[in-house]
Amino acid sequence: MTATLLGPDFVALQVRDVEAAAAFCEQHLGLRRAPASPPGAVVFATEPVAFAVREPLPGVDLDGADRPGLGVALWFRTTDAQDLHDQLVAAGVTVLSPPRATPFGLAFTFAGPEGYAITAHGN
């Protein structure tokens, strides 16, 4: 039998300032820290896939990119996309694309920690 991938089970954004990125995720997105995180990272209690912000891995130059994560589509499910959009706008978070109908529900994209483009979708 040949081994195969089963699917993503961990996603981490590499950031310059882990605590500031974690605070953004907690304050603006409602994420809660997991009980334990490895050194240099904050892991959140997200389901079904674990999500974290972490220090850059050796050899990663975040200053050399126009926008971190360029080319990666990072989508998060939300209980209410419009409400989250309105909360983020009220908090001064940059919205990169306004709410729109998609096959996955209402979706919009915003600038997350350190400029990563994050799409939120849901009802």
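Reader: What joins the side chains of Ser97 and Arg100?
Author: A polar contact of 3.1 Å joins them. A polar contact is a pair of N or O atoms within 3.5 Å; within protein, one must be able to donate a hydrogen and the other to accept it, and residues adjacent in sequence count only if both atoms are side-chain atoms.

Reader: Where do these values come from?
Author: This is a predicted model, in which local features need pLDDT of at least 70 and side-chain atom pairs count only at pLDDT 80 or more, while totals for chains, interfaces and linings use all residues. Residues are numbered from 1 along each chain as its sequence is written, and side-chain values use heavy atoms, with hydrogens and water left out.

Reader: Back to Ser97. Where does it lie?
Author: Ser97 is in strand β5, residues 95-102. Helices (H or I, at least four residues) and strands (E, at least two) are DSSP runs, numbered from the N terminus.

Reader: And what does Ser97 touch, not counting residues up to four places away in sequence?
Author: Phe108 and Thr109. Contact means heavy atoms within 4.5 Å.

Reader: Are Phe108 and Phe110 buried or exposed?
Author: Both are buried. Buried means under 20% relative accessible area, exposed over 50%, partly exposed in between (1.4 Å probe, protein chains only).

Reader: What about Ala52, which strand is that in?
Author: Ala52 is in strand β3. At 1% relative accessibility, Ala52 counts as buried. Leaving aside neighbours within four places in sequence, the contacts of Ala52 include Phe10, Val11 and Phe44.

Reader: New topic. How many residues does helix α1 have?
Author: Twelve, residues 18-29. From first C-alpha to last, α1 reaches 16 Å, close to the 16 Å expected at 1.5 Å a residue. The expected span is 1.5 Å times one less than the number of residues.

Reader: Which residues in α1 are buried?
Author: Val18, Ala21, Ala22, Phe24 and Cys25. They cover an arc of only 155° around the axis, which puts them on the same side of α1. The arc is that of the directions from the helix axis to the C-beta atoms.

Reader: What do they pack against?
Author: The buried residues of α1 pack against β2 (41-44), β3 and β6 (105-111).

Reader: And what caps the N-terminal end of α1?
Author: Asp17 does, with a side-chain oxygen 3.3 Å from the backbone nitrogen of Glu19. After α1 comes Gly30, whose phi is positive, near 75°.

Reader: Last one. Is His121 buried or exposed?
Author: His121 counts as buried, at 15% relative accessibility. A polar atom of the His121 side chain lies 3.1 Å from the backbone oxygen of Phe104.
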